Amino acid sequence: LRCCTSASVVTDGDGDGSVADERSLYIMRVVQIAVMCVLALTVVFGIFFLGCNLLIKSEGMINFLVKDRRPSKEVEAVVVGPY
């Protein structure tokens with residue numbers, strides 16, 4: 001894993017080199033965690049809004065089907081007739 005990061009650059013042996021490496025590694029970790037949090041929130045809100053959109057569309061379809069299922073005039077005449 002260290003072969004592919006910027007922290008694996010060989011220094012000339014100064015004491016400050018290891019501190020800079022640790023600091024850059026820490027910054028890289030913080031950036032990775034922040035990016036993962038943003039991506040996770042994006043996925044969660046995407047699923048939430050997609051679910052809400054599907055719920056609204058299904059409600060509209062149900063209302064459309066309910067309007068289409070009105071009783072016919074023959075049934076209404078039969079129900080009204082005996083009273």
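Analyst: A search of the whole structure finds zero disulfides, a disulfide being a pair of cysteine sulfur atoms within 2.5 Å. This is a predicted model, in which local features need pLDDT of at least 70 and side-chain atom pairs count only at pLDDT 80 or more, while totals for chains, interfaces and linings use all residues. Residues are numbered from 1 along each chain as its sequence is written, and side-chain values use heavy atoms, with hydrogens and water left out.

User: Why is C37 called partly exposed?

Analyst: Buried means under 20% relative accessible area and exposed means over 50%, with partly exposed in between (1.4 Å probe, protein chains only). C37 has a relative accessibility of 45%, so the label is partly exposed. C52, with a relative accessible area of 29%, is therefore partly exposed as well.

User: What makes the pair of F45 and F49 stacked?

Analyst: Rings of Phe, Tyr and Trp (its six-membered ring) pair if their centres lie within 6.5 Å, and planes under 30 degrees apart count as stacked, over 60 as edge-to-face and the rest as tilted. By this rule there are two aromatic pairs. In F45 and F49 the ring centres are 6.3 Å apart and the planes stand at 25 degrees, so this pair is stacked. The two residues, F45 and F49, are four residues apart in helix α1, and are therefore separated by about one helical turn; helices here are DSSP runs (H or I, at least four residues), strands likewise (E, at least two), numbered from the N terminus.

User: Why does M36 count as exposed, and where is M36 found?

Analyst: The relative accessibility of M36 is 55%, so M36 counts as exposed. M36 is found in helix α1, which covers residues 15–68.

User: How is the region that UniProt calls "transmembrane region" built in the model?

Analyst: The unreviewed UniProt entry places this feature at residues 33–56; its positions follow the numbering used here, and annotations may be inferred rather than shown by experiment. Over residues 33–56 the chain is 100% helix and 0% strand, with the end C-alpha atoms 35 Å apart. The protein chain as a whole has two helices and zero strands, and buried residues make up 2% of its 83 residues.
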